[in-house]
Amino acid sequence: MSDFATRLIRWQRQHGRHGLPWQGADAYCVWLSEIMLQQTQVATVIPYYRRFVTSFPDLAALAAASEDEVLAHWSGLGYYSRARNLHVAAQLIMQRHDGAFPHHYDDILALPGIGRSTAAAISALVFHERRAILDGNVKRILARYCAIEGYTGEKKIEAQLWQQAEALLPVRDVATYTQGLMDLGALLCTRSKPQCALCPLQKDCAAYQSGRVAQLPTPRPRKVLPEKHSTFLLLLNGSDILLEKRPGSGIWGGLWCPPQVEGEENIATYCMQRFGVDATQAVALPEFTHTFTHFKLHIAPLLVPVTHKPGQTQEPGRVWLDMEDALRAAIPSPVRKLIEKIIRV
Ligand code: SF4
């Protein structure tokens, strides 16, 4: 066994995390936690995880739920394709594997929303299979430990990191080792201010030994994000708000949002033609910006009080909801913040 693995495993046993709610749980819970933890910190995930497993305690319950229910439990966590894939995968497991979470790596990898690293994490943590993981934390650790230069999202650099991840794998205790990598990335080898003085790998960490910890991993090349503009039409009838279900794919896929008008379209004409509503007395709320991975969205909220609920809005994919109920529905966080703001006024 490499020194790297021996020291990491020993450190995990003494100093790693042992009380996370999904540790020691079944494959379903570990899978759910791995999906939630993609792009999201443990502290943020824990309350979502607890709510999710309370409502959907097993695969059968998740498979039987509606997409709306699943998305409502994901509301605020972002990257909603994760929730849609989780839901579809649960239904596939019910059909293809008789409701039992698959044990084989290839079967796990074949499920929607599961990539190489996530499949390996589930295989290693639950089934003690010897598989290498390479999530964001592990990329950072290995880029530093092996002093690998270059942006870790680049194919060539990623291939080098996978090679290292495979080479360092221990022959036994793979679950503790895998948890150790995750814990080291979260607790010591952090993005900023890593605590090298406490690190079990310090002795042969190339970045530490050559004083390059602050330079590695090489940051993502800067690129200017494209900007888009959208007006959110907040049609309000008393305390009820009009929401529309977004298409299944794309940003906020399947979530409920106020009607949106992009670009230069004339708002008053749009409101009249689409809803038969006079928007000349509408009140503009302060604009704000929501940043996605690939673009920035400048949102201009427009409060449009209406004295009746326009007849043609009672169609599938549209709903009038009391704002308190809307907060419990599958809505993205900027919409949540807007509704909370309106309720407080
Ligand atoms: S010594 Fe520092 S940079 Fe190297 S692995 Fe440990 S925490 Fe990370």
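H2 (residues 27-37) and H3 (residues 42-55) pack at an angle of about 140°, with their axes 10 Å apart. Helices are DSSP runs (H or I, at least four residues) numbered from the N terminus; axes are lines fitted to C-alpha atoms over the stretch in contact, with angles from 0 to 180 degrees between N-to-C directions. Cys29, Leu32, Ser33, Met36 and Leu37 of H2 meet Val42, Val45, Tyr48, Tyr49, Phe52 and Val53 of H3 (contact: C-beta atoms, placed from the backbone, within 7 Å).

The model is predicted; local features need pLDDT of at least 70 and side-chain atom pairs pLDDT 80 or more, while totals for chains, interfaces and linings use all residues. Residues are numbered from 1 along each chain as its sequence is written.

The largest nonpolar core holds 87 residues, of which Leu32 and Ile133 touch the most other members. Such a core is a set of buried Ala, Val, Leu, Ile, Met, Phe, Trp, Tyr and Cys residues joined through C-beta atoms within 7 Å, buried meaning 20 or more other C-beta atoms within 10 Å of the residue's own. H2 contributes the largest share of this core, 8 residues.

The chain is divided into domain 1 (3-215) and domain 2 (227-344), with bounds from an automatic or database domain assignment. Their centres, taken over C-alpha atoms, are separated by 36 Å. The contact takes 9 residues from domain 1 and 10 residues from domain 2.

How values were computed. A residue is buried if 20 or more other C-beta atoms lie within 10 Å of its own, exposed if 12 or fewer, and partly exposed in between; C-beta atoms are placed from the backbone. Helices (H or I, at least four residues) and strands (E, at least two) are DSSP runs, numbered from the N terminus. Two residues are in contact if their C-beta atoms, placed from the backbone, lie within 7 Å.
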